[in-house]
Amino acid sequence: MRITFANARIQELGGYSAAEMIGTPVLDYLPREEAARIQLFAEENRTGRSVRFPVNILHRNGQTILVMVSAAPLFTDEGVYDGALVMLMDVTELKQPDTKHG
């Protein structure tokens, strides 16, 4: 699983430029303990199922950021799995305790 596109938001979330990210393994941006779980979701995606799951990603500064991953499988005209369209949404704030209404 390699990165083929990185929009401005993912560059901001991770602290890396698109040039640094494109062509690199997705696992380079995840804590080691997330790798096996990501592989399971990737296998499910290869079967044609869209997947959605939370995962921590690593910022360049070492901070972890909780994101919700949505991945839709992509297939060639011949029906061969060709990767996934992956979207990430920062959900860190949703996990923080609500201090405004205490």
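Predicted model: local features only at pLDDT ≥ 70, side-chain atom pairs only at ≥ 80, totals over all residues.
The protein chain contains 4 helices and 3 strands. Along the sequence these elements follow the pattern α-α-α-β-β-β-α. The C-alpha trace of the protein chain spans about 55 × 30 × 25 Å along its principal axes. Of the 102 residues in the protein chain, 29% are buried. Among the contacts in the protein chain with a separation of 6 or more, 36% are accounted for by residues 24 or more positions apart.

The strands form an open sheet of 3 strands in the order 1-2-3, and the pairing is antiparallel. Strand 1 and strand 3 each have a single partner strand and stand at the edges, so one side of each is left without a neighbour in the sheet. From one strand to the next, the twist averages 35°. In general, the strands of a sheet pair through backbone hydrogen bonds, in either a parallel or an antiparallel arrangement.

Strand 1 covers residues 51-58, and its antiparallel pairing with strand 2 (residues 64-75) runs over 8 bridges. Several residue pairs can be followed across these two strands. Val51 stands opposite Ala71 in strand 2. The bridge partner of Arg52 in strand 2 is Ser70, and that of Phe53 is Val69. Val69 in turn has Leu88 as its bridge partner in strand 3. Strand 2 and strand 3 are also antiparallel, with 9 bridges between them.

Val51, Phe53, Val55 and Ile57 make up the covered face, whereas Arg52, Pro54, Asn56 and Leu58 make up the uncovered one. Of the residues on the covered face, Phe53 has 6% relative accessibility and therefore counts as buried, the cut-off being under 20%.

Each of the two hairpins contains a glycine with a positive phi. The hairpin of strand 1 and strand 2 has 5 residues between the strands, and Gly62 takes a positive phi near 95° there. The hairpin of strand 2 and strand 3 also has 5 residues between the strands; in this hairpin the positive phi, near 85°, belongs to Gly79.

Helix 3 lies across strand 1, strand 2 and strand 3, and runs at about 145° to strand 1. Helix 3 comprises 12 residues (residues 35-46), which at 1.5 Å a residue should span 16 Å; the end C-alpha atoms are 16 Å apart, in agreement with this value. The buried residues of helix 3 are Ile38, Ala42 and Asn45. These residues cover an arc of only 55° around the axis, and therefore lie on the same side of helix 3. Ala36 and Leu40, on the other side of helix 3, are exposed. The cover over the buried residues of helix 3 includes strand 1, strand 2 and strand 3. Just after helix 3, Gly48 takes a positive phi of about 105°.

Aromatic rings were also examined. A pair of aromatic rings is described by the distance of the centres and the angle of the planes. The count comes to 3 aromatic pairs. One of them is the stacked pair of Phe41 and Phe53, with 3.9 Å centre to centre and 5° between the planes. This pair links distant parts of the chain, as Phe41 is in helix 3 and Phe53 in strand 1, 12 residues apart. In the pair of Phe75 and Tyr81, the ring centres are 5.7 Å apart and the planes are at 75°, so this pair is edge-to-face. Phe75 has 39% relative accessibility and therefore counts as partly exposed. Tyr81, at 25% relative accessibility, also counts as partly exposed.

Key. Residues numbered from 1 in each chain as written. Heavy atoms only, no water. Buried < 20%, exposed > 50% of the residue type's maximum accessible area, 1.4 Å probe, protein only. Pairing = 2+ DSSP bridges. Expected span 1.5 Å × (residues − 1). Arc of directions from axis to C-beta. Contact = heavy atoms within 4.5 Å. Phe/Tyr/Trp six-rings, centres within 6.5 Å; stacked < 30°, edge-to-face > 60°. Axes fitted to C-alpha atoms, helices over the stretch in contact; angles between N-to-C directions.
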